[in-house]
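Visitor: Please take a close look at one part of this protein for me: its aromatic ring pairs. I would like to see how they sit in the fold.

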Amino acid sequence: MTATTIAVSPVAARIGAVVEGVRLGGDLDPITVDTIRGALHRHKVIFFRGQDHLDDAGQLAFGRLLGEPIGHPTASADGDLIVPIDSDHGVVADRWHTDVTFVPAYPLASILRAVELPDVGGDTLWANTATAYEGLPTELKAFANSLRAVHSNQYDYAAVDPDKVSEAQKGYRELFESTMYETEHPLVRVHPVTGERTLLAGAFVRRFAGYSAEDSLALFTLFQNHITRYENTVRWQWRTGDVAIWDNRATQHRVIADYVGQRRLLHRVTINGDTPLGVDNTPSRALKP
């Protein structure tokens with residue numbers, strides 16, 4: 001396998017591409033890995049069809065070519081580097097979010113592999129937070145550059161109507177919030193590879209530093225709506241054996257929870273990230289623990 005056999009075809013104008021000519025695994029040559037990494041930085045989320053040969057070990061071995069695989073800070077057992085995204089657990093990431101932003105050095109990227117899918121439904125949406133920032137008016141960019149937001153895991157991204165919470169969901173929530181984390185991030189982070197400015201928001205945001213709860217909600221709504229404008233998004237219809245990789249420093253994502261009564265199982269490998277820097281070069285900082 002060489003990079004010359006690889007074809008990268010955009011799915012949407014601002015985000016997403018299908019990569020063909022690659023059989024994912026831990027034995028890829030450095031040129032191919034660099035080509036994949038370059039496509040990821042350019043398109044933010046990339047998709048691979050027909051990776052039916054891949055198992056957990058192969059997915060993890062491939063992940064190590066992109067960086068250091070890590071577990072979830074609260075929802076994974078020690079040493080568990082494969083995280084099942086399983087509807088049988090009652091867990092549905094059905095709100096826009098960037099993964100694990102309640103810690104300072106949140107993940108660089110994630111690799112998600114479809115294992116079992118519903119007959120219909122269960123698509124995933126991604127949004128490009130770099131084009132979202134670029135689309136802001138000049139004055140709003142300057143304001144965004146000055147803001148810092150507090151993110152916390154005291155938000156269950158499987159949240160549903162409290163009267164309809166299952167025992168599985170209650171158990172997951174207790175695990176997810178077993179250690180409380182709070183981190184203050186710049187609203188605008190500078191991507192360490194591309195140099196792009198990206199909006200760092202999503203459902204783990206609890207408040208903006210220096211602003212009341214009411215004003216924080218208004219600010220969150222303003223910037224979050226810019227991120228999830230249709231032109232900044234791509235929608236992926238999964239097939240068994242598909243793999244998606246996204247740059248967690250420049251995207252948000254969410255599932256469309258339209259598959260009630262059917263199982264949806266995907267396996268995720270997460271790659272360790274770095275601490276964000278704002279446009280003034282000030283890093284994120286942990287508040288709790």
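Guide: **The aromatic pairs**

The count of aromatic pairs comes to six. Rings of Phe, Tyr and Trp (its six-membered ring) pair if their centres lie within 6.5 Å; planes under 30 degrees apart count as stacked, over 60 as edge-to-face and the rest as tilted.

Start with Phe47 and Trp126. Their ring centres are 5.4 Å apart and their planes stand at 65°, so the pair is edge-to-face. Phe47 lies in strand 3 and Trp126 in strand 7 (residues 124-128), so the pair ties together parts 79 residues apart in sequence. Strands (E, at least two residues) and helices (H or I, at least four) are DSSP runs, numbered from the N terminus. Both Phe47 and Trp126 are buried. Buried means under 20% relative accessible area, exposed over 50%, partly exposed in between (1.4 Å probe, protein chains only).

Now move on to Trp246. The rings of Trp126 and Trp246 have their centres 5.6 Å apart and their planes at 55°, so this pair is tilted. It links distant parts of the chain: Trp126 in strand 7 and Trp246 in strand 14, 120 residues apart. Trp126 has 0% relative accessibility and counts as buried. Trp246, at 1%, counts as buried too. Ring pairs link Phe47, Trp126, Trp236, Trp238 and Trp246 into a cluster.

A word on the model. It is predicted: local features need pLDDT of at least 70, side-chain atom pairs count only at pLDDT 80 or more, and totals for chains, interfaces and linings use all residues. Residues are numbered from 1 along each chain as its sequence is written, and side-chain values use heavy atoms, with hydrogens and water left out.

Next, the setting. The protein has six helices and 17 strands. Of its 289 residues, 52% count as buried. Take contacts with a separation of 6 or more: residues 24 or more positions apart account for 84% of them. Contact means heavy atoms within 4.5 Å.

Finally, the nonpolar cores. Such a core is a set of buried Ala, Val, Leu, Ile, Met, Phe, Trp, Tyr and Cys residues joined through side-chain atoms within 4.5 Å. The largest one has 25 residues, of which Leu24, Ile46, Phe48 and Ile245 touch the most other members. Elements that give two or more residues to this core include strand 3 (45-48) and strand 14 (243-247). Helix 1 supplies the largest share, four residues. A second, separate core of 20 residues includes Leu125, Leu140, Leu187 and Ile227.
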